[in-house]
Amino acid sequence: MSTSEEAVSGEAVEEAVKASDVEVEASRLVRIIAALVLIVLSATFLVGVFDIRSPKGFDPAGPRFFPLLVTSAWLVLSIAYLLEGLRSPKTARATDRSWFEPVAVSALLVLYALLVVPLGYLIATALLFFAAARVLGSRQLVRDIVVAVVLTVVVYIAFTQFLDISLPGGVLGL
Amino acid sequence: MIGLSVFGDLLHGFGTVLDPMNLLWAILGVTLGMLVGILPGIGPALTIALLLPITFNFSDPIGAFIMFAGIYYGAMYGGSTTSILINTPGESASVATAIEGHKMAQKGRARAALATAAIGSFVAGTISTVLLTFVAKPIGSLASHFQATDYFAITLLAMVAVTAIVGHSLVRGLLSLVVGLFIGLIGLDSLSGAPRYTFGTLRLLDGIDVVIVIVGLFAIGETLHVASKLRSTPERPAVLEKGRRLRTGYLTKSDWGRSWKPWLRGTALGFPFGAIPSGGAEVPTFLSYSIERRQARKKGRDEFGDGAIEGVAGPEAANNASFSGVLVPLLTLGLPTSATAAVMLAAFQIFNVQPGPQLFEDQSTLVWTLIASLYIGNLILLIMNLPLIQIWVQVLKVPRPLLYAGILVFACLGVYSLSGSGYEVLMALVIGVVGFFMRKLDFPIAPVILGVILGPTMEEQFRRSLVISNGDASVFVTRPLSAVIIVLTVLALFVPYLPRIVARIRGTQPTRDRLTFGEDD
């Protein structure tokens with residue numbers, strides 16, 4: 001196979017890769033921070049191995065052996081990842097990614113986790129759907145409300161009536 | 001007479017599947033799988049994870065598994081439809097289909113592309129299910145001679161090989177794997193009862209439910225990832241040419257002529273690559289793509305890059321065939337070799353069914369019904385697909401904000417129904433945030449899932465081996481089978497560097513194929 005053929009195929013594949021989500025979009029700085037977080041976590045858990053109660057008994061490896069193996073491998077790999085990040089070229093890619101939406105969606109999920117039992121499934125879930133749709137950029141108020149209510153009610157009835165999964169009734173007292 | 005008993009077992013399986021209620025589960029599964037799988041950016045693993053809670057309260061695991069098989073086929077074909085029509089493959093196995101398939105759609109040949117994908121999937125699915133029917137039981141009885149050390153070795157091989165092959169970087173892949181293994185460690189140690197990494201909370205004593213990990217990483221992680229880039233990616237409208245010839249005539253005579261060989265070649269690649277630990281469908285689909293391109297060049301007909309039907313037919317067949325291949329180690333050894341298979345294994349565990357050599361004896365009805373349901377699922381898919389394509393395409397018109405809000409609702413429902421408290425939702429969110437950063441930093445997700453699911457098994461087999469040998473660690477290398485598998489594991493680590501090694505031997509410049517083999521750093 002000649003090199004020109006390879007180049008053509010490479011282009012087609014490259015294009016497909018761009019079209020899908022397989023893209024490296026993190027800047028060098030984010031990678032280094034991530035590596036440092038991984039190092040701190042793995043080191044903490046490595047130390048934590050010695051908090052595990054290890055009875056002397058029939059089991060030669062004991063409950064500490066695997067945690068020790070896993071966390072030390074984790075630490076070594078994190079250091080390798082840090083070195084990789086430090087060696088990467090300094091050109092930070094201009095990023096047009098927004099932080100608002102993921103943070104807002106996470107906040108919504110925290111609220112949902114706290115409110116689903118006291119408010120009840122129907123109200124909490126309809127609110128979650130509506131708020132999430134708005135955060136993610138939907139601008140059709142009536143449609144969003146209608147879909148939120150209909151979807152929630154259908155899910156509620158399907159799961160409680162047909163699949164026997166109990167969902168909290170909450171303030172509606174269902 | 002192995003052959004005859006297989007037919008008897010299979011017939012018995014068909015008898016169970018064709019029970020009206022079970023048939024209904026199969027149709028429902030394919031429909032749900034199609035509906036969710038066709039949504040842009042959602043692959044089979046996420047689809048099954050989202051639909052898992054539906055089966056939590058099934059009293060009968062058989063119905064659940066019939067439905068899973070349907071969901072899987074539906075999701076896989078739904079993913080191809082999306083790839084062809086709007087070029088948003090939900091997982092790497094559909095990327096090859098998207099290359100030529102979307103070009104065909106742009107040239108007004110979407111129906112032909114969808115048809116060759118559907119018929120190719122049916123052909124490949126049926127042939128590979130026949131293969132599965134005949135190899136599963138013999139391999140299962142071979143595996144019944146496996147000892148603890150062999151299980152340890154083969155689990156290690158599966159994890160390491162998949163990690164080495166699927167990612168773009170070995171360091172990031174292995175990091176994903178150890179994080180998964182770590183999550184698997186949380187909770188009470190199964191052998192000694194000592195709590196590990198429970199941080200003093202009772203909640204963590206039982207460990208983190210694998211459903212939470214799957215839903216968190218796939219559904220919530222993906223939603224957060226999409227949320228961060230909604231503004232910069234425009235919505236893409238679906239293209240499907242007006243149907244002049246409904247029902248029949250999707251494929252012209254020349255389309256058939258150009259499709260059937262790629263279907264068969266795709267099947268021949270998909271089944272074996274699915275059966276070995278190579279991450280499922282990704283490798284065979286790309287291999288099929290490049291083989292078809294080379295074949296077309298030889299004949300002097302090169303439409304590749306411009307909508308060649310062979311480039312859809314081959315990878316789609318490979319994709320479908322690899323699923324039956326993946327089921328071989330999953331059913332006979334309890335060994336998942338792809339993220340989707342790992343999700344399936346989690347589903348087995350929910351029903352207290354342990355795949356492995358004993359499965360064919362202990363759960364004979366279940367396993368043969370599952371295999372029979374693969375034949376039926378394939379057929380249902382073909383029947384429901386092409387005639388109803390106009391309806392499926394409507395699903396693509398769901399606006400993205402509503403789509404992802406809906407995914408959040410189902411993700412929360414799935415984890416909430418595990419124990420009926422908001423705590424699981426918080427846990428899934430924490431894991432979702434991890435999944436979000438993994439996507440940002442290009443860490444592969446599959447190794448985490450494999451680590452969580454296989455880690456505890458691997459540790460148990462490892463410690464059991466040492467108990468049997470009285471602490472003599474040489475058992476892993478003195479038993480020939482274990483030793484061979486461990487050597488293979490070490491070799492698997494070098495697979496990503498194969499193109500470079502080959503190039504060096506030949507003395508040429510290395511050409512990197514970052515999709516089939518990991519990109520080196």
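Student: In this predicted model, which residues have the most contacts inside the largest nonpolar core?

Tutor: The largest nonpolar core of this predicted model has 212 residues. Its largest share, 15 residues, comes from helix H4 (residues 61-86) of chain B, while domain 1 (3-87) and domain 2 (100-172) of chain A each give at least three residues to this core. Those with the most contacts inside the core are A:Tyr121, B:Phe68, B:Ile208 and B:Ile449.

Student: Which residues of chain B is A:Tyr121 in contact with, leaving aside its neighbours within four places in sequence?

Tutor: With those neighbours left aside, the contacts of A:Tyr121 include A:Tyr112, A:Val116 and A:Leu167.

Student: Is A:Ala34 buried or exposed?

Tutor: A:Ala34 is found in helix H2 (residues 28-48) of chain A, and, not counting residues up to four places away in sequence, A:Ala34 touches A:Tyr81 and B:Leu441. The relative accessible area of A:Ala34 is 16%, and buried means under 20%. Because of that value, A:Ala34 counts as buried.

Student: Which side chains meet in a salt bridge across the interface of chain A and chain B?

Tutor: Between them, chain A and chain B bury about 7000 Å², with 75% of it on carbon and sulfur atoms, and 83 residues of chain A are in contact with 81 residues of chain B. Across this interface the rule finds one salt bridge. At 3.5 Å, N to O, the side chains that meet in a salt bridge are those of B:Arg172 and A:Glu84.

How values were computed:
Residues numbered from 1 in each chain as written. Chains lettered and ligands numbered in written order. Predicted model: local features only at pLDDT ≥ 70, side-chain atom pairs only at ≥ 80, totals over all residues. Heavy atoms only, no water. Core = buried A, V, L, I, M, F, W, Y, C linked by side-chain atoms within 4.5 Å. Buried < 20%, exposed > 50% of the residue type's maximum accessible area, 1.4 Å probe, protein only. Helix = DSSP H or I, 4+ residues; strand = E, 2+ residues; numbered from the N terminus. Domains from an automatic or database assignment. Contact = heavy atoms within 4.5 Å. Buried area = accessible area lost by both parts, 1.4 Å probe. Salt bridge = Lys/Arg side-chain N within 4 Å of Asp/Glu carboxyl O.
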